[in-house]
Amino acid sequence: MSTGNMNLTLKVWRQKNADTKGAFVTYKAEGISPDMSFLEMLDVVNEGLIHKGDEPIHFDHDCREGICGMCSLYINGHPHGPKNAITTCQLHMRTFHDGEIIVIEPWRAAAFPVIKDLAVDRSAFDRIQQAGGFVSVNTGVTIDANAIPIPKVIADEAFNSATCIGCGACVAACKNASAMLFVSAKVTQLGMLPQGQPERYSRVQAMVAQMDAEGFGNCTNTGACEAECPKEIKMTNISRMNNDFFSAKLFREEGVHEHATGE
Amino acid sequence: MSEFKQTFNSSLGKKLIMALTGLFLCTFLIVHLGGNLLLFSNDDGFGFNVYANFLTHFPPIEVIAYLLYLSILVHALYALILTIKNRKARPVRYAEVNKSTATWSSKNMGLLGSILFLFLVIHMGDFWFNYKFSDKLGFKEYKTDLATGETKSGIYQASPGFEKSVSVENNVEIVRVKDLHARVASSFSNLIYVIFYVIAMFAVSFHLLHGFQSAFRTLGWVHRKYTPIVSAIGTWLFAVIIPLGFAAMPVVYYIQSLK
Amino acid sequence: MSLDAKIPEGPLAEKWSKHKFNLKLVNPANKRKYDVIVVGTGLAGGAAAASLAELGYNVKAFCFQDSPRRAHSIAAQGGINAAKNYQNDGDSVYRLFYDTIKGGDYRAREGNVYRLAEVSVNIIDQCVAQGVPFAREYGGLLDNRSFGGSQVSRTFYARGQTGQQLLLGAYSALNRQIHLGKVKMYTRTEMLDVVTVDGQAKGIVTRNLITGEIETHSGHAVLLCTGGYGNVFYLSTNAIGSNVTAAWRAHKRGAYFANPCYTQIHPTCIPVTGDHQSKLTLMSESLRNDGRVWAPKTVAVAEQLRKGAIRADQVKEDDRDYFLERKYPSFGNLVPRDVASRNAKEMVDDGRGVGGSGFAVFLDFADAIHRLGKDAVAAKYGNLFDMYYQITDEDPYKQPMRIYPAVHYTMGGLWVDYNLSTNIPGLYALGECNFSDHGANRLGASALMQGLADGYFVIPYTLGDYLATIGPKPVDTKHPAFEQTKQDVIARINKLLALKGTKTVNEYHRDLGHIMWEYCGMARTEEGLTKAKGLIQALRADFWKNAIVVGANEEVNASLERAGRVADFLELGELMVDDALMRKESCGGHFRLESQTPEGEAMRDDEHFAFVAAWEYKGDNQPEVLNKEVLDFEFVHLTQRSYK
């Protein structure tokens with residue numbers, strides 16, 4: 001199965017589950033092709049482990065084309081590896097050189113506990129979105145899609161924020177393990193569009209409150225998140241969210257929107 | 001009130017406090033530097049001493065001064081709280097050091113701030129505390145001939161409780177005031193002290209290189225047109241001109257003391 | 001047995017409205033007494049779960065990923081069709097209906113497809129209301145583009161990430177219902193079986209992928225929204241985790257599997273570079289709007305290109321064969337996917353393939369760059385060009401892209417009637433998981449449309465009819481069927497964990513993929529398919545003897561998860577081959593070499609094969625039984641598709 005001629009040394013974090021302590025284990029990755037993706041390289045190592053009856057290295061992955069946001073890995077000091085604007089599944093081995101030592105760690109954050117080896121639990125992100133990352137419309141609206149024109153610049157800006165894939169690289173890169181880039185991307189997307197206006201100020205309060213409850217750190221505007229974001233989400237989202245948050249808290253009447261449960 | 005409490009207990013609220021106190025301290029730096037430039041006027045400390053007296057005795061400025069001290073304490077305290085929380089947010093550190101692109105200053109605000117806090121304690125203990133609460137400082141008498149405008153200075157032996165007097169006798173204005181200038185000159189003749197000052201000014205530079213524009217980001221004041229201006233002010237005024245100006249004082253005085 | 005699709009009577013345009021009126025309703029106060037299970041949370045599942053919860057039902061939703069936002073709907077690039085006619089270019093519900101029927105090579109139901117076209121307009125309204133940032137024009141109104149095989153601009157898009165934006169819209173609606181407590185979301189949970197009680201679906205058995213716990217969940221109805229089975233080919237544009245398990249387990253519990261051999265091979269994917277490859281990456285079909293597909297005219301030139309003796313841009317205009325433009329002057333590079341794919345294969349079979357392996361043709365943007373400028377091309381396709389560069393290390397602004405077809409979508413799936421109900425009452429299939437609307441070939445930008453149509457606008461009506469019929473009595477979870485099904489699942493897991501052979505599950509999967517691609521791919525023959533059937537049977541038998549599965553059940557165990565899925569693919573593969581053998585005609589994505597026109601185009605046999613093949617499971621290693629649903633075409637006239 002080996003098709004290439006690169007030989008690498010991997011130092012991989014292995015941890016059985018959330019309750020046990022982990023440690024680095026060294027593996028040889030041999031016969032690696034530069035055309036392989038990083039995850040395909042790990043596939044090769046795992047096939048070797050399975051052949052020996054050992055447990056393969058566990059990591060999250062799914063689409064392998066850089067859009068689902070499931071893959072992670074902190075590779076040689078970089079979330080998603082050393083190249084900009086790509087996810088780990090889009091990282092190819094030609095980025096590395098023969099004989100290189102590659103250190104692979106899981107995302108490290110209190111809010112992202114390790115599940116096994118390199119996979120972490122990012123459900124905190126879901127809970128933040130559940131707290132307010134939506135427009136409250138039921139299925140079956142009858143307003144024609146073109147009834148509300150949206151200036152192209154606004155639509156494009158909102159789109160830029162909406163491209164977040166929820167991978168958590170921003171948290172992994174931030175020295176404070178802050179989730180501000182992730183949260184602000186959704187707050188900004190919906191806060192810029194006319195559809196998001198009615199809940200703009202309750203949304204930001206609800207999402208920030210949930211973010212704080214999850215135990216993420218505080219933003220100190222270092223910009224590491226922006227630098228490592230595979231979708232190049234900008235820090236201006238954070239400032240926009242701050243602005244909305246302070247407006248909401250200090251000057252607006254509405255508090256966090258209490259939803260009727262329908263019961 | 002509880003809503004405000006909630007606001008300032010939130011992560012963003014704490015950052016708001018950091019930003020507001022930080023920016024307030026920034027504006028003070030401009031005033032402070034402006035006043036201290038009097039150290040460079042060759043009048044045996046006349047202007048500087050009068051200015052020091054004004055700052056410590058004009059009530060509105062006194063109020064602002066205490067706000068300032070409070071800001072420093074709050075800024076430092078919140079920095080501490082935030083740092084502890086940030087550490088908790090990543091209980092297991094990375095083995096491989098983070099190589100993400102971020103400026104050195106932005107990643108070391110805590111270190112820089114700690115240096116600055118230490119500096120402020122020494123700086124204020126040396127000048128402000130001694131000026132206000134001790135009798136270690138002498139007084140000086142400046143006699144200005146109002147006809148010629150010529151000023152002569154000399155030591156004045158003040159009785160306890162004396163602060164300042166201005167009188168005119170025979171067309172000569174006599175100003176008697178505490179001599180902070182002498183204290184400054186003596187401190188700045190100590191090489192170790194000067195080196196410490198210069199290091200502290202480097203810390204100011206790097207702290208504000210990140211801090212000034214970061215405060216604007218935290219406040220949410222970003223704009224395609226204005227953010228570059230903020231950035232330029234933060235870099236050139238706060239990270240270059242102001243620290244250079246402050247650092248020049250001990251260096252110049254030290255060089256003069258060698259003569 | 002003949003199957004009743006329950007298509008409503010009456011004129012095409014009135015079928016759905018009339019049907020909606022005739023469906024029973026559930027009293028608003030009673031809705032909360034019903035539990036509905038939704039498996040899979042992509043476009044169809046996410047939309048269904050959110051919409052049903054909004055109506056007041058209690059929804060339990062399941063996905064095997066760590067979050068509903070990861071579902072593979074997210075990877076759809078190009079766009080979503082809707083008959084809005086915003087461009088005033090002659091589009092209409094009827095035209096979208098007609099194009100879809102024709103594009104599907106007349107192997108889809110008229111009633112279903114018309115309904116799909118009809119609700120397509122609501123989908124766009126719905127998504128915009130949710131804050132989906134579709135592309136807009138400077139006037140602030142929505143932009144459209146034309147998309148594979150269509151002569152009107154009816155495709156709405158969000159750069160090359162339409163699927164992502166639509167999925168995140170459905171995800172946000174789902175999140176709102178989770179927040180309100182109307183949806184209970186189970187992530188990292190894989191469905192491993194359906195529980196049927198007295199012939200009705202009443203629950204599912206799942207495995208918690210973190211703890212390994214096997215659990216049963218009950219509901220008044222079970223909705224399978226679990227996507228397609230393209231990964232039976234090992235290499236496809238599907239996500240690594242995409243699998244057939246939920247649908248296949250349902251099939252083994254009695255649900256018919258329809259048209260399994262209808263596979264869409266997408267023409268514009270990045271070619272395979274080696275055996276290490278784990279998946280194939282699609283380059284959006286929209287590229288064919290400006291890119292020109294060509295191969296060298298002669299084998300000699302192709303030979304030189306393959307050896308790297310010359311670069312593609314050095315090939316003279318006279319030595320290039322723009323084969324799609326040459327053969328299909330009116331559609332040119334925009335012919336439907338099946339046609340484009342088959343032609344690329346022909347070039348390769350003819351010895352004119354390019355790239356190191358010879359399994360590729362060119363998609364050239366030189367003309368577009370010359371005509372529009374590099375910046376304009378970058379604005380349109382920049383992210384795709386970057387993606388291509390990332391994977392291949394070649395700059396498509398300078399050299400033409402190398403592309404080759406890859407498995408992309410499966411038109412087949414669980415058989416459902418007009419109400420999206422399988423033949424098991426209470427068991428529904430939505431989205432790619434069912435077989436219904438695309439016939440033998442799906443048109444570009446129609447998958448998103450169908451997934452959302454099913455989830456947002458069809459199931460909320462049709463499910464109510466069934467629920468009203470069975471009444472809100474709580475499901476009896478004490479019924480022995482629950483425990484029995486759970487024990488079946490545990491027994492199967494134990495059987496897998498006992499496999500301590502010599503060959504990894506991945507290796508079996510790759511072998512199966514090779515067989516499927518070789519014999520059940522773009523061109524199929526009686527001889528090849530017969531051979532494939534034997535090979536698959538042998539491979540499956542070998543799997544159950546010699547596969548290696550490591551670890552235990554009570555932990556995170558990717559090896560076990562993979563083994564279960566591949567074991568199901570090994571069974572499905574054979575059924576696909578059976579279906580392809582049975583269907584002696586060519587139609588859409590199913591091309592039998594024995595049935596082609598003199599010009600080499602797919603030749604249908606409407607007299608014998610205008611039916612849906614719904615296969616019925618009869619026990620392990622028993623031949624499946626074919627049930628036919630005859631396709632009646634009342635409104636369109638069956639013709640040989642022509643894109644000349």
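This is a predicted model: local features need pLDDT of at least 70, side-chain atom pairs count only at pLDDT 80 or more; totals for chains, interfaces and linings use all residues.
**Entry 1: Glu190(C)**

Is Glu190(C) buried or exposed? Its relative accessible area is 7%, and the cut-off for buried is under 20%, so Glu190(C) counts as buried. I placed Glu190(C) in strand E6 of chain C, which runs over residues 189–197.

Next I looked up the partners of this side chain. The side chain of Glu190(C) makes a polar contact with that of Arg565(C), at 2.9 Å. I then listed what Glu190(C) touches, leaving out residues up to four places away in sequence. Among them are Phe64(C), Val205(C), Leu209(C), Asn243(C) and Glu561(C). Arg565(C) is on that list as well.

I turned to charged pairs. Side chains of opposite charge can pair when their charged atoms come close. Over all chains, the structure holds 70 salt bridges.

I took Arg107(C) and Glu585(C) to begin with. Their side chains meet in a salt bridge, 2.7 Å from N to O. The two residues are 478 apart, so I noted that the pair links distant parts of the chain. Arg107(C) sits in the loop between helix H4 (93–103) and helix H5 (110–130) of chain C. Glu585(C) sits in the loop between helix H17 (558–582) and helix H18 (606–609) of chain C. I found both Arg107(C) and Glu585(C) buried.

I went on to Glu285(C) and Arg337(C). They form a salt bridge at 2.5 Å, N to O. This pair also links distant parts of the chain, 52 residues apart. Glu285(C) lies in the loop between strand E11 (263–269) and strand E12 (292–296) of chain C, and Arg337(C) lies in helix H10 (residues 337–349) of chain C. Glu285(C) and Arg337(C) are both buried.

Then I checked Lys584(C) with Glu526(C). The closest N and O atoms of this salt bridge are 3.6 Å apart. Lys584(C) is in the loop between H17 and H18 of chain C, while Glu526(C) is in helix H16 (residues 526–546), 58 residues apart.

Salt bridges join Asp105(C), Arg107(C), Arg583(C), Glu585(C), Arg604(C) and Asp606(C) into one network.

**Entry 2: Helix H3 of chain A**

Which residues of H3(A) are buried? In this helix (residues 152–162) I found Ala155(A), Ala158(A), Phe159(A), Ser161(A) and Ala162(A). They cover an arc of only 160° around the axis, so they lie on the same side of H3(A). An α-helix has 3.6 residues a turn, so residues three or four places apart point the same way.

I asked what covers these residues. The cover includes helix H5 (180–192) and helix H8 (236–251) of chain A. It also includes helix H6 (162–179) of chain C.

**Entry 3: Chain A with chain B**

I counted 45 residues from chain A and 39 residues from chain B in this contact. The buried area is about 3400 Å², with 53% from carbon and sulfur atoms. In chain A, Arg108(A), Asn218(A) and Phe246(A) lose the most area to chain B. Together they make up 18% of what that side buries.

How many salt bridges lie between chain A and chain B? The count is zero. I did find 27 residue pairs in polar contact, both at pLDDT 80 or more. On the chain A side, H8(A) gives the largest share, eight residues. I sorted that side into 24 nonpolar, 15 polar and six charged residues.

**Entry 4: Chain C with chain A**

Here the contact takes 80 residues from chain C and 77 residues from chain A. Together they bury about 6700 Å², 52% of it on carbon and sulfur atoms. I found six salt bridges across this interface. I looked at the one between Glu65(A) and Lys279(C), at 2.6 Å, N to O.

Which element of chain C gives the largest share of the side that touches chain A? That is H6(C), with nine residues. I divided this side of chain C into 29 nonpolar, 31 polar and 20 charged residues.

Conventions. Residues are numbered from 1 along each chain as its sequence is written. Chains are lettered from A and ligands numbered from 1 in the order in which they are written. Side-chain values use heavy atoms; hydrogens and water are left out. Buried means under 20% relative accessible area, exposed over 50%, partly exposed in between (1.4 Å probe, protein chains only). Helices (H or I, at least four residues) and strands (E, at least two) are DSSP runs, numbered from the N terminus. The arc is that of the directions from the helix axis to the C-beta atoms. Contact means heavy atoms within 4.5 Å. A salt bridge is a side-chain nitrogen of Lys or Arg within 4 Å of a carboxyl oxygen of Asp or Glu. Buried area is the accessible area (1.4 Å probe) that two parts lose on being put together, summed over both. A polar contact is a pair of N or O atoms within 3.5 Å; within protein, one must be able to donate a hydrogen and the other to accept it, and residues adjacent in sequence count only if both atoms are side-chain atoms. Ala, Val, Leu, Ile, Met, Phe, Trp, Tyr, Cys and Pro count as nonpolar, Asp, Glu, Lys and Arg as charged, and the others, Gly among them, as polar.
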